Amino acid sequence: MKKKSMCLLLTLVMAASILTGCGDKKSESTQAEAGSSSKDADTTQAADNSKEDITLAFVGPQTGDNAEYGKSMKTAAQIAVDEWNEKGGVIGRKIKLVDFDDANSSEQAASIAEKIVGDSSISAVLGHFSSGVGMTAGEVYQESGIALINGSAAHMDFAKVGDCIFRNNAIYTTDANTMLQIMDYLGVKKIGTINPNNDAGVAVTTAIQDMLERYGDQYSGELVLAELYEDGTVDFTATVAKFQQAGVEAIYSSGPYSATAPFIQQYREKDKDVKFVMSAACFSQEFIELAGKDANGVVLGTSFFYESEDPAIQSFAKKFEEAYGSNPSTFAAQVYDATNAILYAIEAGNSAERADIVKNLPNTDFQGVTGKITFDEEGNCLKEQVLLEIEDGKYVEIPDVLKSQADWEAEHIK
Amino acid sequence: MKILGEIYAKFTDFLDAKKKIVIPVLYLVLILVPFLFKSQYFLRVLCLIGIYAILTMSLNLIAGYMGQTSMGHAALYCLGGYFSGLLGSKLGWPFWITLIFGIIGGAIGGLVLGIATMRLSGSYLAVITLAFGEVVEMIILNFNSVTNGPLGVRNIPRPSLFGWEFTTSNGGFYWLMLVLVTIAVLVSLAVLKSKFGRAVIAIKEDELAAKLMGVNTAKYRVQTIILSGAMAGMAGAFYASMNRYIDANSFNFDISMTILCIVIFGGLGSIPGMIVGSILLISFPEVLRALADYRFVVYGLLLILMMRFRPQGLMGGLSKKPYKLPRGVTLPKALQARKEGSKGKQVG
């Protein structure tokens, strides 16, 4: 009896919540209808809207394996929104940030995208973590003409989804060029790469090979061995032996710190002299903690360094630390700049309409915490990077080594 | 509470008796949904529910009827998605043809899995299916020249009919989903009511006894998994063209677990259970979105409570219909009387 009643109760609870869910959707759909009704009505609506808050949506993993990234990026977006609100908002209206959890799954991201698109109060979208997830959702945003700026995707085709899709992350060619510039600086001849076998890792590996094919004579190093590893690998001893056999002098790894740290430790056991070059993914205190003293001497390029002298960066890093309890990562900083880019676009067009934001974003031009923020015709922001070295468990900036890709090309390619 | 149980029994009896009216009315309402609810988010969630309904009915053939556990069902779903998606994206074939190849792709996966597991059952089978899921994922990730590796497949064409392109917002995908779910239900029912289905259920009840009765268990096992693979492949092809972008991550271990979860939650062997289970478990995380961080805690809690108080699943063991003998088979009088007396023997 008890069992039966419990079961019925459960079913009722579920049914009830689903019915209420339906109710919500109904009101949403009427809202959407009202939003898209006729153009004459739009003008009166815009007048009404002017008193309301402008809503931006942030989507990212708040649960699951990548929750840490999602939460830090959300914090950064919130800081940008709060700063504008303190100044009195944008075009005389306050800004509100709503957040959605996509658990870094394409399936959920696409549903959320449909939800956002259907909610006419949302003006633009920030976030999505992985490229694949962002691209699935991107198709939906593109179709209905709402702008998305992402701060972490590496897929070469990400911004090609359409003119509504932008990204503020170093694209693969920038990463490859940075790496090769660092190798020149270190003066190594034989380079090995180890990258995860996922979209980002494969994109970077291909980019390095392309760069060497095109401008091989401009770099001093040559690629002797390119290895890929599956996500979740912890034992790299076989790979280390392969690198040693090939006689590499420096290794580049673009993977997350969780895989790179054990790799470095296992390599150091066998070889004291090899040099390590990392990507911005290893720019994190956790990396130093994991790799311990083997982290010393590691160099990496990143578009953001929280100990920079720039007052804007210091102020952002301080606010981030207060809100989140740790130093901001590159991805978080890039989302902070992406949020500002949207708000500048609203200011420039004096309108929070979706189409106006999409129209004004390509003209973005301001100095953010991750460098100069401008978008090329595809929608990528070309990042400039600085060189960091780990000394005694701390990141130290080595200035004036890395050049932006445009400067480098101007200097080397005639 | 007992009254509620009786009401439920009366309700199902009523549905059974008025089948000829209830089903057309139900379909009419379902067909009209896109006109009543304009929100494309709502339609998309319904499509996802449909996909999971097909996937669970597909796993139900193996888990519910044959009594074996598959923990790598997403692999079959994945093969369908990739076969269909790649043909559509790289060769530009229309959806209706790639759908057929998606079904074939799933069936081929089922054939391989079926042959590999022909003589296995229980936990051994579970482990092999788990490994099969991983193998398929690794092939997709590393067979770069064909699958585009971890970069996934982009620009998968949408279905169109007489120049009308199906989208989520115009309801095209929803109606297509209704058709595919109907096909899956009809296939499941056909299996249940055939010699094939009875042989498969015999394997579940007692494989040794079935063998001794002359049932070629190995053959039926492989055939069931092929059929199950074909259904999962159909769902994969639909998903690929609805999403327009797929990568190996869209078909990972979590998806296999979700499918298995719904099958157990809905009630092993029950077709309505698969549909109701999909409706509840797929819409629930969406409905609970307001709870933010806590939504999966609530979700998990509900699953635990459910398993504690109703281990046979939501709709499992609810069928009160007496077992219908196949045409031309009659029971001896003594048995007939006993059967009528017990009247509660559940079927499938």
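Predicted model: local features only at pLDDT ≥ 70, side-chain atom pairs only at ≥ 80, totals over all residues.
A:Glu307 is partly exposed, with a relative accessibility of 42%. If we leave aside the neighbours within four places in sequence, A:Glu307 is in contact with A:Lys394 and A:Tyr395. Its C-alpha atom is also separated by 9.4 Å from that of A:Asn327, 20 residues apart along the chain.

I turn now to the aromatic residues. Over all chains, the search of the whole structure finds 36 aromatic pairs. One of them is formed by A:Tyr219 and A:Trp408, which are stacked, at 5.0 Å centre to centre and with 10° between the planes. This pair links distant parts of the chain, 189 residues apart. A:Tyr219 sits in the loop between helix 7 (199-215) and strand 7 (222-229) of chain A, whereas A:Trp408 belongs to helix 14 (residues 405-412) of chain A. Are these two residues buried or exposed? A:Tyr219 is buried, at 6% relative accessible area, and A:Trp408 is buried as well, at 2%.

B:Phe95 is buried, with a relative accessible area of 1%, while B:Trp96 is partly exposed at 28%.

Returning to chain A, ring pairs also join A:Tyr229, A:Phe236, A:Phe243, A:Phe263, A:Tyr267 and A:Phe276 into a cluster.

Next, a packing arrangement between two helices of chain B. Helix 3 (residues 40-65) and helix 12 (residues 253-266) of chain B pack at an angle of about 75°, and their axes are 9 Å apart. The two helices are therefore roughly perpendicular to each other. Which residues make the contact? Helix 3 of chain B contributes B:Tyr52, B:Leu55, B:Thr56, B:Leu59 and B:Ala63. From helix 12 of chain B come B:Ile255, B:Thr258, B:Ile259, B:Leu260, B:Ile262 and B:Val263. Sorted by class, this contact has 9 nonpolar residues, 2 polar residues and no charged ones.

Finally, the cysteines. How many disulfides does a search of the whole structure find over all chains? The number is 0.

Methods:
Residues numbered from 1 in each chain as written. Chains lettered and ligands numbered in written order. Heavy atoms only, no water. Axes fitted to C-alpha atoms, helices over the stretch in contact; angles between N-to-C directions. Helix = DSSP H or I, 4+ residues; strand = E, 2+ residues; numbered from the N terminus. Parallel < 35°, antiparallel > 145°, perpendicular 65-115°, else oblique. Contact = heavy atoms within 4.5 Å. Nonpolar A, V, L, I, M, F, W, Y, C, P; charged D, E, K, R; others polar. Buried < 20%, exposed > 50% of the residue type's maximum accessible area, 1.4 Å probe, protein only. Disulfide = S-S within 2.5 Å. Phe/Tyr/Trp six-rings, centres within 6.5 Å; stacked < 30°, edge-to-face > 60°.
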